[in-house]
Amino acid sequence: MAPISAIGKYLDQPLLTAKISKHVPTLLGIGGAGILAHEVNHAPENKKFKTGVKTAIILASTGVSAVYAPKIAAKITKRELAKPISEIQKNNTKIIDKYLAKTNVEDSIHTILEKAKTKILSLKEVAKLNTKEHNAFVNKLIPPPENIQAKDIFKEIGWLSVYGAVPVAGGIAGGIVADGLTEKNWKQRIPNKINEGLYQYLANIFLCNIGAGAALAILEKKNITSKSARCTGMVGGILLTGVIGGSAIANFIGKKIVNPIMGKNKSQETRRPELLDIGLHVDDIATVSLLSGLKWIEPALPLLYSISGYRAGIGYRNHKNHHSHHEKEAHFLRKEC
């Protein structure tokens, strides 16, 4: 069995992260196709076409937003974008050629290094290379995770928060367009989309990021550098600000600001946390991991944030005993009438 350190090095390979990022649009497409098929299958026979059109528009707007979110967030926060595969390969080749010119290595190691110039190494190959003898070189080829310093914490938090906002905004926009093309009463559906977007962003993304960052800043101030302590502290910050406070704040803004502006009864539609909402906090694990220096988590963010974007786009609001989101919206409108 490969040692833990080798597993970490395997996951930290820049080429692995870059290639995962490259396949994110495909993964979003596959997931979207599954959701589309599910929604059409569960829609009434006379509404299957309309359901398909609406769902496809929301999925497309959310997916495209999620794919472009890294570039938009990087531009706004002035954060350096991840390097493309070609640049990583060029850098790997330079590092390896320089090492081989000064170091005699056995044939098996030489073969692994030649592969590492342009390809992802297997866990077994990383384990063979990751020894004390080659430690300094391996850390140049596969940089180890670095704890983010206090001065950089909220810059990283800002990037994550903008990153998460883009798919949610894309979902809301797609939902409004979809309703505008298929529903006469589309304006009445807008508040649910905005309120769900607020819920998803505040409870599942932004305030969780703030909680994690605040906890990390406190730990930095107290000179606590243990990774386990940092992770525990960030999880605690997430629970306090996001999981507990996020839904309350989102519901308050929805009732006191969004609903009155949109001419909707401000006493209704309290959004309660559900099992899937709790599951969506897996993106907070990604946040904790990124703030702990584990960059291989980064490519998963578009997949995680797109779920929040989609739920904002359909205006999900806790309706039970209805199979599809379109039936939920119809149920809500019947209640208002």
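**Helix packing and salt bridges in a predicted chain**

User: What covers the buried residues of helix α5?

Analyst: The cover includes α2 (14-42), α4 (85-102), α6 (123-129) and α7 (135-141). Contact here means heavy atoms within 4.5 Å. The model is predicted, so local features need pLDDT of at least 70 and side-chain atom pairs pLDDT 80 or more, while totals for chains, interfaces and linings use all residues. Residues are numbered from 1 along each chain as its sequence is written, and side-chain values use heavy atoms, without hydrogens or water.

User: What makes a stretch of the chain a helix, and how many helices are there?

Analyst: A helix is a DSSP run of H or I with at least four residues, a strand is a run of E with at least two, and both are numbered from the N terminus. By that rule the protein chain has 14 helices and 0 strands.

User: Which residues of α5 are buried?

Analyst: In α5 (residues 107-116), Ile109, Ile112, Leu113 and Ala116 are buried. Viewed down the helix axis, the buried residues of α5 fall within an arc of 100°, and therefore they line one face of the helix. The arc is taken from the directions that run from the helix axis to the C-beta atoms. Exposed residues Asp107 and Thr111 sit on the face of α5 turned away from its buried side.

User: Why is Leu28 called buried?

Analyst: Buried means under 20% relative accessible area, exposed means over 50%, and partly exposed lies in between (1.4 Å probe, protein chains only). Leu28 has 14% relative accessibility, so it counts as buried. Leu28 is placed in helix α2. Leaving aside residues up to four places away in sequence, Leu28 touches Gly63, Ala66, Val67, Pro302, Leu303 and Ser306.

User: What share of the protein chain is buried?

Analyst: Buried residues make up 47% of the 337 residues. As for contacts with a separation of 6 or more, 78% are between residues 24 or more positions apart.

User: What makes Arg79 and Glu298 a salt bridge?

Analyst: A salt bridge is a side-chain nitrogen of Lys or Arg within 4 Å of a carboxyl oxygen of Asp or Glu. The closest N and O atoms of Arg79 and Glu298 are 3.7 Å apart, and the pair forms a salt bridge. The pair links distant parts of the chain, with Arg79 in the loop between α3 (48-77) and α4, and Glu298 in the loop between α12 (282-291) and α13 (301-313), 219 residues apart. Arg79 is buried, because its relative accessible area is 18%. Glu298 is also buried, at 16%. By this rule the count comes to 9 salt bridges.
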